[in-house]
Amino acid sequence: MKIRDVEAFQVRWAPGDGPEQHSAWVRVYCDDGSFGIGETSPMQGGLASLGIIAHNLAPALIGKDPLDHAVLLDTLLHTFAKLGPEGALTGALAALDIALWDLKGKFFNQPIYKLLGGAWRTGVPFYASIGGNGGRSVDEMLRVVETRLAGKPAAVKIRFDEPVQHYHMKAMGEVARKLDITVSAGEQTYTLAGLADLIAAGVRMVQPDIVKMGGITGLMRCVALAHAHGVELVPHQTQPTIGHMANLHLVASQLHATKPCELNDPSARQHGVFENPPKPVDGFFHLPVGPGLGLRVNEAELAKRRIPIA
């Protein structure tokens, strides 16, 4: 089995949406007709990451064995490190990693969590993650929270901007040490070394994101690092379908998972593209039994929304 083609494309969810509002997906095809699907960070529509995939990474993957995914992607990270090892490049690699894990699961006819060593829990609770609060009054925020409570989340996170920029790691650590509540950080941390620096600065809950920081392989390494240092790892994750499913497989297999998984977007806007979109039941997402990510693509619906990257 060899990689035949790599497609990088955006997905438009509403007719009036601009490119920066689209999702950024990738599909990796093999010569036996199988494929895996992945997703990168949607910041500015993911166009920077998709461009790197289309022009730099995809050509290097054609003809390679998809089961060598960690070797392939680590090689690409070092080959293209001068594009910047944080941000668009690592997001591009995350999308490819998720797609290659999806392929791997299909090849072995197993869900990804089985290939990760099994699931500690097959029903995963979630917390309602609520952003956009900077312009809301307290009453408006309470109304949003009440709406989200209808989905039976295990907890609620109300997001405001952090007091220091994410790249000031020492300052972030100082904030964490001075407050008597837990401070989480790491959504914008893209390398294992960066996460180690954040932990060393004093942050005791880290939140790297599966569609930004190396995909499933990257998050597995983050889990090991956090466990070795005795800090909590609660993955940041805001995408409701591909990224969400990849995250569910990861957190289900995570030893000492301490918190629910994140659910930022509870809408059904992406559901039409899949025959079996992930939906919570009584406050839990249940792991799929199908191979790979466990998602079945509705090709006709995806074709209506697909925007190729030149």
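Author: With a relative accessibility of 52%, Lys279 is classed as exposed, a label that requires over 50% relative accessible area, whereas buried means under 20% and partly exposed lies in between (1.4 Å probe, protein chains only). The model is a predicted one, in which local features need pLDDT of at least 70, side-chain atom pairs count only at pLDDT 80 or more, and totals for chains, interfaces and linings use all residues. Numbering starts from 1 along each chain as its sequence is written, and side-chain values use heavy atoms, with hydrogens and water left out.

Lys279 sits in the loop that runs between strand S9 (261-263) and strand S10 (284-286). Helices (H or I, at least four residues) and strands (E, at least two) are DSSP runs, numbered from the N terminus. Beyond its neighbours within four places in sequence, Lys279 is in contact (heavy atoms within 4.5 Å) with His271, Phe284 and Phe285. Pro266 lies 13 residues away from Lys279 in sequence, with 8.7 Å between their C-alpha atoms.

Another loop position gives a contrast. Thr241 belongs to the loop between strand S8 (232-233) and helix H9, and Thr241 has a relative accessible area of 0%, so it counts as buried. Its contacts, leaving aside neighbours within four places in sequence, are Trp25, Gln270, Phe274, Pro278 and Leu295.

Ile242 leads on to strand S3. Gly38, in S3 (residues 35-40), touches Ile242 as well as Ala24, Trp25, Val26, Ala95, Ile98 and Ala99, when residues up to four places away in sequence are not counted. Gly38 is buried, at 0% relative accessibility. Asp102 is 64 residues from Gly38 along the chain, yet their C-alpha atoms are separated by 7.9 Å.

Helix H2 (residues 69-79) has four named buried positions: His69, Leu72, Leu73 and Leu76. Viewed down the axis of H2, these fall within an arc of 90°, so they line one face of the helix; the arc is that of the directions from the helix axis to the C-beta atoms. Val71 and His78 are exposed on the face of H2 turned away from the buried side. The cover over the buried residues of H2 includes strand S1 (3-11) and the helices H1 (47-61), H3 (88-108) and H8 (215-229).

That leaves the chain as a whole. The protein chain holds 10 helices and 11 strands. Its radius of gyration is 19 Å, close to the 19 Å that the globule rule gives for 310 residues, so the chain is as compact as a globular protein of that length; the radius is taken over C-alpha atoms, and the rule is 2.2 Å times the number of residues to the power 0.38. Along the principal axes, the C-alpha atoms fill a box of roughly 55 × 40 × 40 Å.

Of the 310 residues in the chain, 51% are buried. Among contacts with a separation of 6 or more, 70% join residues 24 or more positions apart. The accessible surface of the chain is about 13,900 Å², and carbon and sulfur atoms account for 56% of that area, computed by the Shrake-Rupley method with a 1.4 Å probe.
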